[in-house]
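Please examine the sequence and the structure shown below.

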Number of protein chains: 2
Amino acid sequence: MAAGQRARMMEETRAKLLLAARNAFAEKGFAAASMDELTAAAGLTRGALYHNFGDKKGLLRAVLEQLDAEMVAKARAVGERAATPWAGFLEECVAYIELALEPEIQRIMLLDGPAVLGDPSRWPGQTACLRATTETIQALIDSGTLHPVDAEAAARLINGAALDAALWVAAADEPRAVLPKAIEAFRCLASGLLRNEV
Amino acid sequence: MAAGQRARMMEETRAKLLLAARNAFAEKGFAAASMDELTAAAGLTRGALYHNFGDKKGLLRAVLEQLDAEMVAKARAVGERAATPWAGFLEECVAYIELALEPEIQRIMLLDGPAVLGDPSRWPGQTACLRATTETIQALIDSGTLHPVDAEAAARLINGAALDAALWVAAADEPRAVLPKAIEAFRCLASGLLRNEV
DNA sequence: TGTGTTTGCATACGGCGCGTATGTCAATCC
DNA sequence: GGATTGACATACGCGCCGTATGCAAACACA
């Protein structure tokens, strides 16, 4: 029993640190977030942090994996309820845009993540998000729905457009007013991939 | 004459600092670039830097304005040589993608810039790049070439897609091999904005 | 022309934050 | 039951940023 207890304690401290890190990174940004404050907020010290995550960038990597997993799960759940694969894909992308309105996602995943860890395609698991999009697009190409372009390239373009749209919407003076415009423009743009114009 | 001399000296030190900053930011990234090293490389000290640019972020702002101006000038030069407005627009976008392959542009404008200064639409002059794209798209909409979507939204999406594509290409194992794929996918995507399918 | 003021930049100082090295205590192993 | 490993805390050094201060040259003005 003691062995299990120990492993659970370990997981618990990791979870506490991840939660504190998410809050600190989201509010202050990666650079301005102090490891001392962050760990103190979790009731720990920097010792625990360096033991569990190696360094500050390691902590960011772990936070990003968490966020990425949450995003892909939510987006897929939305996409699966659609009538056609293409509609599902569009719904999924729109869900991404709306998810990316969350300040936490904005700051950590779209701004600090790339700056600190480099291009997302090089992240651990290259972000489940991009993989999922690539697979979906490839399937749509195979079924003849889309023009036969490179699936990975299209996925990157779509993702970049969607996330950049979210960044723009969130920074706008009236986010709720420009969001529909962004979504409409996105649907229009994405339709360029379709083989048969509607 | 002395007055002119003084102003010219001032401009010269600004230029030297900007050049050193471009090199340092491009090679080490904004966070890892040391102001001491940077100014020493320019034959000056931090005193000159804080006197001319206020702080480290101010220096980055100045560098970004320079890069942005250079990019928009090059892209417009490419676009103006095209046969039709739409072709010119596409060529301009492709030029952006290729310009963004430069490590200097990547690191400073696409990665560190947004992380340090926030969304580009909030930068000084909101980046000439975005303004130019918005105007071009609006003109194409007015002439009936494109679907009547929000020009600013479309510009942001197009820009996001193009720059993200460049980020992806540059991080790829064989940039020269994937660049054409990215461009092809981009043209395909952009055609979604067209009113009459080709 | 001489003096007071401003300007452009260098030097000096204080503080903070990261990473690492070291210490400590409990749990495990043999 | 003593030795060892592992999880975490504590202590230290170093670099870096921002600001306060110093200084010499250029201007203003009478």
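A:Cys188 counts as buried, because it has 20 C-beta neighbours inside 10 Å, and 20 is the number from which a residue is classed as buried. The model in which this residue is placed is a predicted one. A:Cys188 belongs to helix H9 of chain A. Which residues does A:Cys188 touch, if those up to four places away in sequence are not counted? They are B:His147, B:Val149, B:Gly192 and B:Leu193. A:Ala48, by contrast, is 140 residues from A:Cys188 in sequence and 49 Å from it in space, C-alpha to C-alpha.

Helix H9 of chain A also holds A:Ile183. Is A:Ile183 buried or partly exposed? A:Ile183 is partly exposed, because 19 other C-beta atoms lie within 10 Å, and a buried residue needs 20 or more. Once neighbours within four places in sequence are left aside, A:Ile183 is in contact with A:Val94 and A:Ile97.

Leaving aside neighbours within four places in sequence, A:Phe186 is in contact with A:Cys93, A:Ile97, A:Ala161, A:Ala162, A:Ala165 and B:Leu157. The largest nonpolar core contains 128 residues, and of these A:Phe186 and B:Phe186 touch the most other members. In soluble globular proteins, nonpolar side chains tend to be buried together.

A charged residue of the other chain may be considered next. B:Arg156 lies in helix H8 of chain B, which covers residues 151-171. Why does B:Arg156 count as buried? It does so because it has 30 C-beta neighbours inside 10 Å. Apart from neighbours within four places in sequence, the contacts of B:Arg156 are A:Asp164, A:Ala165 and A:Trp168. B:Pro120 is 36 residues from B:Arg156 in sequence, and the two C-alpha atoms are 10.0 Å apart in space.

The contacts between the chains can now be taken as a whole. In total, 38 residues of chain A are in contact with 38 residues of chain B. On the side of chain A that touches chain B, helix H6 (103-117), helix H8 (151-171) and helix H9 (175-190) each supply at least two residues. H8(A) gives the largest share of that side, 13 residues. By class, the side of chain A that touches chain B has 22 nonpolar, seven polar and nine charged residues.

How are the two chains related? Chain A can be laid on chain B with an RMSD of 0.0 Å by a turn of 180° and a shift of 0.0 Å along the axis. That is therefore the relation of a two-fold axis. In chain A, the C-alpha nearest this axis belongs to A:Gly192, at 1.7 Å. The same surface serves both copies, since 100% of the contact residues of chain A recur in chain B.

Helix H6 of chain B, residues 103-117, has a bend of about 30° at B:Leu111. A proline, B:Pro114, follows within four residues of that position. H6(B) is mostly covered, with 12 of its 15 residues buried. Among the buried residues of H6(B) are B:Gln106, B:Arg107 and B:Asp112, as well as B:Leu111 and B:Pro114. After H6(B) comes B:Gly118, which has a positive phi near 90°.

Seen as a whole, chain A has nine helices and zero strands. Its C-alpha trace spans about 60 × 45 × 30 Å along the principal axes. Of the 198 residues in chain A, 44% are buried. Among the contacts in chain A with a separation of 6 or more, 63% join residues 24 or more positions apart.

Chain A averages a pLDDT of 93, and 96% of the residues score at least 70. Among the elements of chain A, helix H1 (residues 2-28) has the lowest mean pLDDT, 86, whereas H9(A) has the highest, 97. Where pLDDT is low, the predicted coordinates should not be read in detail. H9(A), the element with the highest mean pLDDT in chain A, is also the helix of A:Cys188, with which this account began.

Key
Residues numbered from 1 in each chain as written. Chains lettered and ligands numbered in written order. Predicted model: local features only at pLDDT ≥ 70, side-chain atom pairs only at ≥ 80, totals over all residues. Least-squares fit on C-alpha atoms with pLDDT ≥ 70 in both. Contact = placed C-beta atoms within 7 Å. Bend = angle between axes of the 7 residues up to and from the residue. Nonpolar A, V, L, I, M, F, W, Y, C, P; charged D, E, K, R; others polar. pLDDT = per-residue confidence, 0-100. Core = buried A, V, L, I, M, F, W, Y, C linked by C-beta atoms within 7 Å.
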